[in-house]
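Dear colleague,

I am passing on the structure below, and after it I set out what was found. Please read the notes alongside the coordinates.

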Amino acid sequence: GPMLAGLYNLGTIVISGPLLVIGPREIPGKLYGFALFNSILVVFSAKKRGIFVPESWLALRQLQVCDTITSSQQQQQQTHHKHAWQLYHKPSGQLLELVATSKQEKRLWMRYLGECIEGSSQQ
């Protein structure tokens with residue numbers, strides 16, 4: 001549709017799919033759609049009737065992937081899920097916890113995010 005037309009000039013989607021986001025205010029968590037391109041991560045919020053609307057465009061060179069919980073506040077809240085990892089947004093200092101549905105899915109996301117972040121920071 002026309003809504004996705006703006007995405008085509010970003011290149012090929014490396015990996016995409018729904019992930020559970022657990023931010024400071026997102027407990028127990030909210031499902032968002034994610035699409036990873038070579039230099040940008042697009043976050044979609046799900047609207048009614050299964051329509052996904054682009055909400056955030058995150059430059060990969062501003063992101064960092066962490067596998068462990070670093071914030072003691074989050075440990076107290078025990079929001080850590082089995083297939084979770086974290087995305088750190090350097091400019092805002094915001095830390096998002098992302099949850100995949102399986103170990104394999106988590107591994108794929110972490111690998112591709114890591115590779116694309118490394119590639120975009122070398123440009």
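How many aromatic pairs does the count come to by the ring rule? The model is predicted, so that local features need pLDDT of at least 70 and side-chain atom pairs count only at pLDDT 80 or more, while totals for chains, interfaces and linings use all residues. Residues are numbered from 1 along each chain as its sequence is written, and side-chain values use heavy atoms, with hydrogens and water left out.

The count comes to one aromatic pair, where rings of Phe, Tyr and Trp (its six-membered ring) pair if their centres lie within 6.5 Å, and planes under 30 degrees apart count as stacked, over 60 as edge-to-face and the rest as tilted. The ring centres of F34 and W109 are 6.2 Å apart and the planes stand at 75°, so this pair is edge-to-face. Because F34 lies in strand β2 (residues 30-36) and W109 in helix α2 (residues 103-121), the pair ties together parts that are 75 residues apart in sequence; helices (H or I, at least four residues) and strands (E, at least two) are DSSP runs, numbered from the N terminus. F34 and W109 are both buried, which means under 20% relative accessible area, with exposed over 50% and partly exposed in between (1.4 Å probe, protein chains only).

Two salt bridges were found in the whole structure, each being a side-chain nitrogen of Lys or Arg within 4 Å of a carboxyl oxygen of Asp or Glu. One joins D67 and K106 (2.8 Å, N to O); the other joins R111 to E115, with the closest N and O atoms 3.5 Å apart.

Best regards
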